[in-house]
There are 2 protein chains.
Amino acid sequence: MDEHRKAELNQILVLFYLAYRTFTDKPDQILSKYHLQRVHHRILFFVGHFPGLTIQQLLTVLEVSKQALHRPLKQLVELGLIRYTPAIHDKRSRLLTLTDAGQALEQELSGGQRQFLDQIFRTAGEGAEEAWVHIMAALSEKRPAFHFVEDLRRNTDE
Amino acid sequence: MDEHRKAELNQILVLFYLAYRTFTDKPDQILSKYHLQRVHHRILFFVGHFPGLTIQQLLTVLEVSKQALHRPLKQLVELGLIRYTPAIHDKRSRLLTLTDAGQALEQELSGGQRQFLDQIFRTAGEGAEEAWVHIMAALSEKRPAFHFVEDLRRNTDE
DNA sequence: GAATTTAGGTCAATTATATTGACTTAATTA
DNA sequence: TAATTAAGTCAATATAATTGACCTAAATTC
């Protein structure tokens with residue numbers, strides 16, 4: 001790889017870093033109002049997107065330890081943002097869903113991100129969204145959690 | 001926004017999350033071998049990409065407090081990965097550059113990221129890189145650090 | 001020239017968080 | 001019945017960030 005291309009890719013690495021930070025910035029500000037952190041947003045988002053997720057599944061997608069998830073999840077339940085619904089097939093599992101308040105906060109946190117992306121995709125040229133998604137999927141697909149989430153989605157869609 | 005589009009954008013949010021995690025995963029593994037963290041990679045990357053960066057500028061792009069930067073930067077200097085070169089114009093400033101060992105580690109950390117991106121862009125369709133960059137820039141451009149980095153780049157190029 | 005500001009360095013206290021390991025209960029599966 | 005699994009919790013340790021204070025030396029401003 002020549003120096004010019006390396007410099008070009010470095011600018012791209014900077015963009016990736018800044019874009020991700022910008023992306024989590026507004027939600028982080030909202031979270032801090034409630035004394036919550038990034039991990040709380042992740043929990044709310046995944047439970048909102050995959051209603052009925054179990055704790056085990058949540059641990060798998062977030063790739064954190066059970067002990068690390070314990071406190072933030074407990075807080076969200078105590079705040080009345082997440083509730084357990086009993087699982088019929090396996091009474092050991094606890095199915096996670098958002099309460100109305102949880103849905104409202106999730107919307108407050110992720111809604112801006114969705115609108116921001118939607119607006120950028122709409123103003124970008126034809127096929128830009130597909131290209132972006134293709135590249136992000138290529139970046140993700142070596143990851144075990146990627147396939148796990150794909151399987152989750154397929155099961156949820158049924 | 002209808003439910004279908006919301007679900008579509010949620011999948012995209014998942015991709016963003018997973019792509020970024022995948023992206024920092026290998027470097028994080030390498031860092032842990034040296035008992036270093038993400039912030040050390042960021043420092044090495046930005047100093048490597050902008051040789052002669054001052055501490056103030058580094059604080060601005062990383063958006064951390066002086067005290068938060070202090071320890072990891074000190075460690076990198078003590079490990080012989082980063083060196084101060086005296087500033088002629090302002091003797092208060094300390095210009096940061098990578099040592100040979102620092103360049104080697106930076107290459108080990110970011111080189112894989114650059115190659116990974118380069119390969120994906122090459123196998124993606126025509127214009128995919130431009131589209132991706134356009135979108136990531138749109139996501140970044142509201143950020144003060146984005147313009148700061150743009151200015152830095154212009155000054156470095158001169 | 002004196003006063004102020006700026007770049008950088010450091011210490012201490014507090015707070016937050018993650019990690020490892022161990023242990024428990026209840027339910028399911030082999 | 002025995003072994004495994006989902007979930008919950010405690011404790012100890014280590015890591016990290018944050019706030020606030022204080023310091024030196026160099027540069028600017030008045």
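Predicted model: local features only at pLDDT ≥ 70, side-chain atom pairs only at ≥ 80, totals over all residues.
Within chain A, three strands make up an open sheet, arranged in the order S1-S3-S2 and paired in antiparallel fashion. Strand S1, which covers residues 53–54, and strand S2, which covers residues 82–86, stand at the edges of the sheet in chain A, and because each has a single partner strand, one side of each is left without a neighbour in the sheet. As a general point, the strands of a sheet pair through backbone hydrogen bonds, and the pairing may be either parallel or antiparallel. In chain A, strand S3, residues 94–98, is joined to S2(A) by five bridges, and these two strands run antiparallel. One residue of this sheet that can be followed in the structure is A:Ile82, whose bridge partner in S3(A) is A:Leu98. A helix accompanies the sheet: helix H2 of chain A, residues 38–49, lies across S1, S2 and S3 of chain A, and runs at about 100° to S3(A).

The next step is to look at the two chains together. In general, two copies of a chain are related by a rotation about an axis and a shift along it.

The contact itself draws 57 residues from chain B and 58 residues from chain A, and between them the two chains bury about 5,900 Å², of which 72% is on carbon and sulfur atoms. There are also eight salt bridges between chain B and chain A; one of them links B:Arg143 with A:Asp25, where the closest N and O atoms are 3.5 Å apart. Residue pairs in polar contact between chain B and chain A, with both residues at pLDDT 80 or more, number 18. On the side of chain B that touches chain A, the elements giving two or more residues are helices H1 (3–33), H2 (38–49), H3 (55–62), H5 (100–123), H6 (128–140) and H7 (144–157) of chain B, and H1(B) gives the most to that side, with 20 residues.

How values were computed: Residues numbered from 1 in each chain as written. Chains lettered and ligands numbered in written order. Heavy atoms only, no water. Pairing = 2+ DSSP bridges. Helix = DSSP H or I, 4+ residues; strand = E, 2+ residues; numbered from the N terminus. Contact = heavy atoms within 4.5 Å. Axes fitted to C-alpha atoms, helices over the stretch in contact; angles between N-to-C directions. Buried area = accessible area lost by both parts, 1.4 Å probe. Salt bridge = Lys/Arg side-chain N within 4 Å of Asp/Glu carboxyl O. Polar contact = N/O pair within 3.5 Å; in protein donor to acceptor, adjacent residues only side chain to side chain.
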